[in-house]
Amino acid sequence: MRKSDFRKRIHKITLLLLSCVLLITLFVAAAPVQAAATNIVNPNQVYSYNLMKRDIERLVQEYPDLVTSESLGKSPYGRDLWAVKLGRGESVLFLNGSHHAREWMTTNLLMKMLDTYAQAYKTNGKIEDYNVRSLLDQVSIWIVPMVNPDGVTLSQQGTVGLPANLAKTLIKYNGNSTNFSRWKANMQGIDLNRQYPANWNTIKNSVSTPGYQNYKGKKPAETSEVQMMMKLTERIDPEVTISYHSSGEIIFWNFNTLSSNLNRDKTIARTLGNLTGYSLVAPEKNPSGGGYKDWFIQKYGRPGFTIEISSYVGETSVPLRKFDKIWSENKEVGLYSALQSYSLWLNKQKPQYPQRSMSLLAGTELYTKIGASTGGINLQPQMLQVIAKKGDWYQVQAAEGLGWIHPSPGKLVIVEEILANAEFQQSIPAYKYPDTYAPKVVSLDPQSVQVTGRWGTWLQASTPSGSWWIDGRKAKLVWPIEETVQEQQVKLE
């Protein structure tokens, strides 16, 4: 072969290769990119009451059956005191922030926790060593991200938009200053974290009149915000509570704690200290009370903590530039505390002996003892005889033997047999078992399907591809749903 022909051939091959590379590049660029989990909360901003309200609504919409919210009532100036529930377990952890107005960075932190933990649940991802989905199937984390919405708004925005008489009063409470960045109280000039009925009469460093900080009020629990917090605590009955504050990088964990609880509470506090790098505050013989943590420990005898998230910044809010560091220090706090809440809750549950048959609808592990996480035998879908129940663990007799299972929501149910049809006008997903976070099997086009079973709002539908579960809230049952199979047979006889 002549050199000129060889060079021509090499040139053609080079052009061909370059064309292939170009086509591949264009193809890759045009290929769809898998969407990552979307952040709803942006904590790197002055995080207002209105932003929090908007983000709570978005979280509830994005994570149905995982995140719910409710208003506990109105603040003195008409703002809702929002409580958010994240998780699906019976045991409860309670977190709260922004008792103090200028400490609104704690709201940023708690909303970031909500968003991050919910994303990890939906994607079945891990945060450090925590299996978030498994944990939030065991525990519900209740959060009041802004206990003091009036005070936070005043601290961030000043008296803009307020009636002239009210603005004049608040400026007086603020030492005749129009700069409210140091404001700590609610808009009545009362310090909410000096309002709880725990050593209220002997609170230290009190002032005698309403002001920007340290006025404890005329009597304990006179403020509506504190009344709502106490009522919520009594209703949700948490095992562990954490109140977030923002000055000192320290952890308060003791308030006249019973000697029988000291080792338990200090062990948790030490781990929280290791996670965050914050120092533990030594117990005092005569502690100043009035705080949420103080009241919780005194009333319930359970672990309660106050965590201060920032180095001391004086009488002002924590700078936004500190948030990323604060988040890295506290990212695991909610998960670790949820695990402790579950352990405490499970230990005090009394065994029950239901003696009934239940349907296992998806694979789960059979263990020799409660609380095990390794060494189990995989059970396939079958009818199980439930012998005992402790907390959310079930002792069952299976084909594989006797043992304990800890099924996730929707896996172990009592299916009611019915004969009905279900119609739906839009495409809906069908699931392996009755749970919106169960594996989706197929998408069903608008049609009418036969229904053979029901559990709560879920329907067991017979489709050409098999028997799957659909969300009955998205379908219309048309005949006759009130009667069970047995009732229909009696009518026929």
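**Exercise 1. Find the residues with the most contacts inside the largest nonpolar core, and say which element gives this core its largest share**.

Step 1. Start with the term: a nonpolar core is a set of buried Ala, Val, Leu, Ile, Met, Phe, Trp, Tyr and Cys residues joined through side-chain atoms within 4.5 Å. Buried means under 20% relative accessible area, exposed means over 50%, and partly exposed lies in between (1.4 Å probe, protein chains only).

Step 2. The largest such core holds 66 residues, and Tyr244, Phe305 and Ile307 have the most contacts inside it. Its largest share, 10 residues, comes from helix 3 (residues 105-123). Helices (H or I, at least four residues) and strands (E, at least two) are DSSP runs, numbered from the N terminus.

Step 3. Now look around Phe305. Beyond its neighbours within four places in sequence, Phe305 is in contact (heavy atoms within 4.5 Å) with residues including Ile242, Trp253, Ile268 and Leu272.

Step 4. A second, separate core has 24 residues, among them Leu72, Leu81, Val147 and Val226.

A word on the model: it is predicted, so local features need pLDDT of at least 70 and side-chain atom pairs count only at pLDDT 80 or more, while totals for chains, interfaces and linings use all residues. Residues are numbered from 1 along each chain as its sequence is written, and side-chain values use heavy atoms, with hydrogens and water left out.

**Exercise 2. Describe the chain as a whole: its helices and strands, and how much of it is buried**.

Step 1. The protein chain has 12 helices and 24 strands.

Step 2. Of its 493 residues, 50% are buried.

Step 3. Take the contacts between residues at least 6 apart in sequence: 71% of them join residues at least 24 apart.

**Exercise 3. Work out which side of helix 10 is buried and what covers it**.

Step 1. In helix 10 (residues 323-330), Phe323, Ile326, Trp327, Glu329 and Asn330 are the buried residues. They cover an arc of only 165° around the axis (taken from the directions from the helix axis to the C-beta atoms), so they sit on the same side of helix 10.

Step 2. Asp324 and Ser328, on the other side of helix 10, are exposed.

Step 3. The cover over the buried residues includes helix 3, strand 7, helix 8, strand 10 (304-308) and helix 11 (333-347).

Step 4. Move to Leu275, which lies in helix 8 and is partly exposed at 25% relative accessibility. Leu275 touches Glu329, Glu332 and Tyr336, leaving out residues up to four places away in sequence. From Leu275 to Glu332 is 57 residues in sequence, but 7.2 Å in space, C-alpha to C-alpha.

**Exercise 4. Locate Glu249 and Asn256, and give the phi of each**.

Step 1. Glu249 is in the loop between strand 7 (240-245) and strand 8 (250-252). Its phi is near 50°, a positive value in a residue other than glycine.

Step 2. Asn256 is in the loop between strand 8 and helix 8 (259-276); its phi is also near 50°.

Step 3. Glu249 is partly exposed at 24% relative accessibility, and Asn256 is partly exposed at 41%.

**Exercise 5. Trace the polar contacts of the Gln382 side chain**.

Step 1. Gln382 belongs to strand 14 (residues 382-390) and is buried, at 19% relative accessible area.

Step 2. A polar contact is a pair of N or O atoms within 3.5 Å; within protein, one must be able to donate a hydrogen and the other to accept it, and residues adjacent in sequence count only if both atoms are side-chain atoms.

Step 3. A polar atom of the Gln382 side chain lies 3.1 Å from the backbone nitrogen of Ala399. The side chains of Gln382 and Glu400 are joined by a polar contact of 3.1 Å.
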